[in-house]
Amino acid sequence: IQTFHIEELVNIRQNFRSELRLFALMTWNRINESSSDYDFYRSEEGIRYMSRYVQALAPDHQLVVNYHLNGSIHNSTDLTRWAHQYGLPVYPFTFRQDLFPGTSFEEWIDYFWHVVQVDGFITDHPDVVLDMLRRGGGSSRSDIRNHADRSSSMFLLVVVVPMIRLCTKIFI
């Protein structure tokens with residue numbers, strides 16, 4: 001189950017004792033997607049708290065890196081490092097070729113994979129992203145199978161189809 005309402009994920013785990021995999025979708029408070037306080041949940045304390053209830057984080061890519069005004073990446077935030085510190089994989093969204101903020105979609109994916117070290121991507125273009133990752137860049141993370149083994153034997157790509165929500169898990 002994935003939702004922007006993080007308190008509902010806590011409720012599902014605590015009160016219903018569900019053992020389903022729970023993913024916390026995260027975005028900015030300013031868009032009023034839910035009543036969740038994303039400022040808190042993207043802090044180290046918030047991530048530590050969520051690690052007791054959820055199995056993964058799915059943040060907006062803008063919460064994972066800081067961008068320059070021209071769309072190029074300035075640096076990484078601490079979100080992924082903290083999530084990994086508390087045992088949570090990170091699957092940022094949404095990686096679309098037609099809406100990426102920089103000059104090269106491939107460089108964008110490469111930065112998130114090799115520098116930020118996310119665990120997968122939520123994308124409308126799973127074939128393109130998977131092909132890029134398979135071609136790698138000579139780094140130790142270019143072997144997707146080795147990375148998947150470190151992340152619960154699963155690499156996740158979510159396909160977002162307008163009007164129809166379709167999630168596809170690609171197991172390697």
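This report describes strands, helices and selected residues of one predicted model.

The model is predicted: local features need pLDDT of at least 70, side-chain atom pairs count only at pLDDT 80 or more, and totals for chains, interfaces and linings use all residues. Residues are numbered from 1 along each chain as its sequence is written, and side-chain values use heavy atoms, with hydrogens and water left out.

**Parallel sheet**

Helices (H or I, at least four residues) and strands (E, at least two) are DSSP runs, numbered from the N terminus. Two strands are said to pair if DSSP finds at least two bridges between them. An open sheet is formed by three strands in the order S1-S2-S3, with parallel pairing. Strand S1 (2-3) and strand S3 (56-59) are the edge strands; each has a single partner strand, so one side of each is left without a neighbour in the sheet. S1 and S2 run parallel and are joined by two bridges. Thr3 has Ala24 in S2 as its bridge partner. Helix H1 packs on the sheet and touches S1 and S2, where contact means heavy atoms within 4.5 Å. The direction of H1 makes about 170 degrees with that of S2; axes are lines fitted to C-alpha atoms, for helices over the stretch in contact, and angles run from 0 to 180 degrees between N-to-C directions.

**Hairpin**

Strand S4 (residues 65-67) pairs with strand S5 (residues 73-76) in the antiparallel sense, over three bridges. Val65 has Ser76 in S5 as its bridge partner. The two strands S4 and S5 form a hairpin with five residues between them, and in the turn Gly71 has a positive phi of about 95 degrees.

**Helix H5**

Helix H5 (residues 105-116) has 12 residues, which at 1.5 Å a residue should span 16 Å; the end C-alpha atoms of H5 are 16 Å apart, in agreement. The expected span is 1.5 Å times one less than the number of residues. The buried residues of H5 are Phe105, Trp108, Ile109, Phe112, Trp113, His114 and Val116. Buried means under 20% relative accessible area, exposed over 50%, and partly exposed in between (1.4 Å probe, protein chains only). Just after H5, Gln117 takes a positive phi of about 65 degrees.

**Individual residues**

Gln117 is placed in the loop between H5 and strand S6 (121-123). Arg17 is found in the loop between helix H1 (6-15) and strand S2 (23-26). Arg17, a residue other than glycine, has a positive phi, near 55 degrees. The table gives the accessibility of these two residues and of two others.

| Residue | Class | Relative accessible area |
|---|---|---|
| Arg17 | exposed | 65% |
| Gln117 | partly exposed | 37% |
| Trp82 | buried | 16% |
| His125 | buried | 19% |

Trp82 belongs to helix H4 (residues 79-85). Not counting residues up to four places away in sequence, Trp82 touches Arg42, Ser43, Glu44 and Ile47. Gly46 lies 36 residues from Trp82 along the chain, and their C-alpha atoms are separated by 9.8 Å.

His125 lies in the loop between S6 and helix H6 (126-135). With residues up to four places away in sequence not counted, His125 touches Phe95, Arg96, Gln97 and Asp98.
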